[in-house]
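Hello,

The structure we talked about is below, followed by notes on what turned up in it. Please read the notes with the coordinates open.

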Amino acid sequence: MNLLDETKGAISRSGHSTDDVRFVGSRDGELGIPWSQAEKVLDIDYDDGYGGQEIAADLVVAFTDGGFLRREEYDGSEWWEYEPPFRGPETQKPFKLVKALSYYTQLLVDINYPMKATEE
């Protein structure tokens, strides 16, 4: 698989173009280069099949709208996944607890607003 071709395809499928790329780099934002430089870096062939992961796990393509492509891997098979920009809702419920109370209450909403038994 050619990483540059794969990346261009993933950019297109996400509804973006290379003009929308803010940077290509590490997910934490510490390393980054513009698309014009990234094309040369990404123009490599790798085995995207099963085996060992070959492409950096924290590699992202960040878009100007806040969305990004992130690397996914399963058993050495690798691909891009699109993560849309996070947009919070207009209204939110308040919360006071963040520590899970049991193995069954892992989500913030379940910790703060446990389901009540209903009579049937």
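The model is a predicted one.

Strand pairing

S1 and S2 run antiparallel and are joined by 2 bridges; Val24 has Ile33 in S2 as its bridge partner. Between S1 and S3, also antiparallel, there are 5 bridges, and Ser26 is partnered by Leu59 in S3. S3 is joined to S4 by 3 bridges, again antiparallel, with Val60 standing opposite Arg70 in S4. These two strands, S3 and S4, form a hairpin with 4 residues between them, and Gly66 in the turn has a positive phi of about 95°.

Strand S3

How many of the residues of S3 are buried? The count is 5 of 5, so the strand is mostly covered. Leu59, Val61 and Phe63 point one way, while Val60 and Ala62 point the other way, and all are buried. In a regular strand, side chains alternate between the two faces of the sheet.

Helices

In H2 (residues 35-42), the buried residues are Trp35, Ala38 and Leu42. Viewed down the axis of H2, they fall within an arc of 50°, so they line one face of the helix. Ser36 and Lys40, on the other side of H2, are exposed. The buried residues of H2 pack against H1 (3-13), S1 (21-26), S2 (32-33) and S3 (59-63).

Core

The largest nonpolar core has 16 residues, and Trp35 and Val61 touch the most other members. H1, S1, H2 and S3 each supply at least two residues of this core, and H1 gives the most, with 4 residues. Leaving aside neighbours within four places in sequence, Trp35 is in contact with Leu4, Thr7, Lys8, Ile11, Thr18, Val21, Val24 and Leu42.

Confidence

The average pLDDT of the protein is 90, and 96% of the residues score at least 70. Confidence is lowest in H3 (residues 108-112), at a mean of 86, and highest in H1, at 98. Where pLDDT is low, the predicted coordinates should not be read in detail.

Regards

Note on methods
Residues numbered from 1 in each chain as written. Predicted model: local features only at pLDDT ≥ 70, side-chain atom pairs only at ≥ 80, totals over all residues. Heavy atoms only, no water. Buried < 20%, exposed > 50% of the residue type's maximum accessible area, 1.4 Å probe, protein only. Arc of directions from axis to C-beta. Contact = heavy atoms within 4.5 Å. pLDDT = per-residue confidence, 0-100. Core = buried A, V, L, I, M, F, W, Y, C linked by side-chain atoms within 4.5 Å. Pairing = 2+ DSSP bridges.
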